[in-house]
Amino acid sequence: MDLLLEADPSTEQIQTYLNGSDIYTALSDGKTVGVCVLKPRSEATLELMNIAVAPNQ
């Protein structure tokens, strides 16, 4: 959740779009350094809801 909050400071807002979304993470040395949340809007369309990279990367 910490990385998601880098891009969207509202925990409540994040909770509204996590359900039904696909969450992808990027790892470096076993640590999560990036996150991307995609929400399907139709059969052929995804909406990028959140994307963040750890500040030290």
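Lys 39 lies in strand β2, which spans residues 31-42, strands being DSSP runs of E of at least two residues and helices runs of H or I of at least four, numbered from the N terminus. This is a predicted model, in which local features need pLDDT of at least 70 and side-chain atom pairs count only at pLDDT 80 or more, while totals for chains, interfaces and linings use all residues. Residues are numbered from 1 along each chain as its sequence is written, and side-chain values use heavy atoms, with hydrogens and water left out.

- Lys 39 is buried without a salt bridge, and the nearest side chain of opposite charge, that of Glu 47, is 8.3 Å away.
- Buried means under 20% relative accessible area, with a 1.4 Å probe and protein chains only, and a salt bridge is a side-chain nitrogen of Lys or Arg within 4 Å of a carboxyl oxygen of Asp or Glu.
- A polar atom of the Lys 39 side chain lies 2.7 Å from the backbone oxygen of Asn 19.
- Leaving aside residues up to four places away in sequence, Lys 39 touches (heavy atoms within 4.5 Å) several residues, including Tyr 17, Asn 19, Thr 45 and Glu 47.

**The sheet**

- An open sheet of 3 strands runs in the order β1-β2-β3 with antiparallel pairing, where two strands pair if DSSP finds at least two bridges between them.
- The edge strands, each pairing on one side only, are β1 (22-28) and β3 (45-53).
- β1 and β2 pair in the antiparallel sense over 7 bridges, and the bridge partner of Tyr 24 in β2 is Cys 36.

Methods: Buried means under 20% relative accessible area, exposed over 50%, partly exposed in between (1.4 Å probe, protein chains only). Lys and Arg count as positive and Asp and Glu as negative; His and the chain ends are not counted. A polar contact is a pair of N or O atoms within 3.5 Å; within protein, one must be able to donate a hydrogen and the other to accept it, and residues adjacent in sequence count only if both atoms are side-chain atoms.
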